[in-house]
Amino acid sequence: MKKDFTDTEKDKMLRGEFYDPSDKELTELRIRAHRLSQQYNLSSETDADLRRDILDILLPNRGKGTFLQSPVQFDYGIFTSVGENFYANFNFTVLDTCPITIGDNVFFGPNCTLATPLHFMNPLMRRMRFDDEGKPYDIEFGKPITIGNDCWIASNVVICGGVSIGNNCVIGAGSVVTRDIPDNSLAAGNPCRVIREIDPQEQQ
């Protein structure tokens, strides 16, 4: 089967179209992000200058006050944007095959995952393919993730591709977010559902 690509695989990936992840450019970007993630994880949180230099390459689109508690793992990093005063606790995993946009004052508890990749329901479509030279490749796609301002994402939360979370939201521990969450919502569960609206005047 011959692959007939009329655009770069990176462009198609970021638009949420079918793409080949074995593409040379994408492979090099992933390897770089994985290496930088490893370097960050091996550094001490007292090595502020070193960590800043690593994040300047791994996560260049970040606001002031960004702090990532290692270990972290990014698939690309450069396709993720975080606002000011962003905090992520241990084991923050980001699969940013599509753009991930996070607002200001967003906090993540430990063991959280943002996963933009999606997979075919049809098992035949998930199988490896082979080009004219017999080299294997597969076809993937994804959807972006958007998180608004002033959100608290508790521990062990998974946010799936295509989800938008509004401003001032709290996502309860262990949730799997598969659908949009509106502004000012307390939401939890698997699948995650809105429990109630948050009153901006609440003290706890």
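Which residue of β13 does Thr-101 stand opposite? I looked this up in the predicted model and found Thr-146.

**Entry: the sheet.** I next traced the strands around this pair. β6 and β13 pair in the parallel sense, over three bridges. They belong to an open sheet of four strands with parallel pairing, and I noted the order as β3-β6-β13-β16. At the edges I found β3 (80-82) and β16 (164-165), each of which pairs on one side only.

**Entry: the nonpolar cores.** I recorded 35 residues in the largest nonpolar core. Those that touch the most other members are Leu-68, Phe-92, Phe-108, Leu-114, Ile-147, Ile-159 and Ile-165. Among the elements that give two or more residues to this core, I listed α2 (24-42), α3 (48-58), β6 (100-102) and β13 (145-147). Apart from this core lies another, of six residues, including Met-13 and Phe-79.

I then examined Ile-159. With its neighbours within four places in sequence set aside, Ile-159 is in contact with residues including Phe-108, Leu-114, Ile-147, Ile-165 and Val-177.

**Entry: the cysteines.** How many disulfides does a search of the whole structure find? The search returned zero. I asked why Cys-169 forms none. Its sulfur is 4.8 Å from the closest cysteine sulfur, in Cys-151, and this is too far for a bond, because a disulfide requires sulfur atoms within 2.5 Å. The sulfur of Cys-192 is likewise too far for a bond, as its closest cysteine sulfur, in Cys-169, is 9.3 Å away. I also noted that Cys-169 is buried, with a relative accessible area of 1%, and that Cys-192 counts as buried at 0%.

Technical notes
Residues are numbered from 1 along each chain as its sequence is written. This is a predicted model: local features need pLDDT of at least 70, side-chain atom pairs count only at pLDDT 80 or more; totals for chains, interfaces and linings use all residues. Side-chain values use heavy atoms; hydrogens and water are left out. Buried means under 20% relative accessible area, exposed over 50%, partly exposed in between (1.4 Å probe, protein chains only). A nonpolar core is a set of buried Ala, Val, Leu, Ile, Met, Phe, Trp, Tyr and Cys residues joined through side-chain atoms within 4.5 Å. Contact means heavy atoms within 4.5 Å. Two strands pair if DSSP finds at least two bridges between them.
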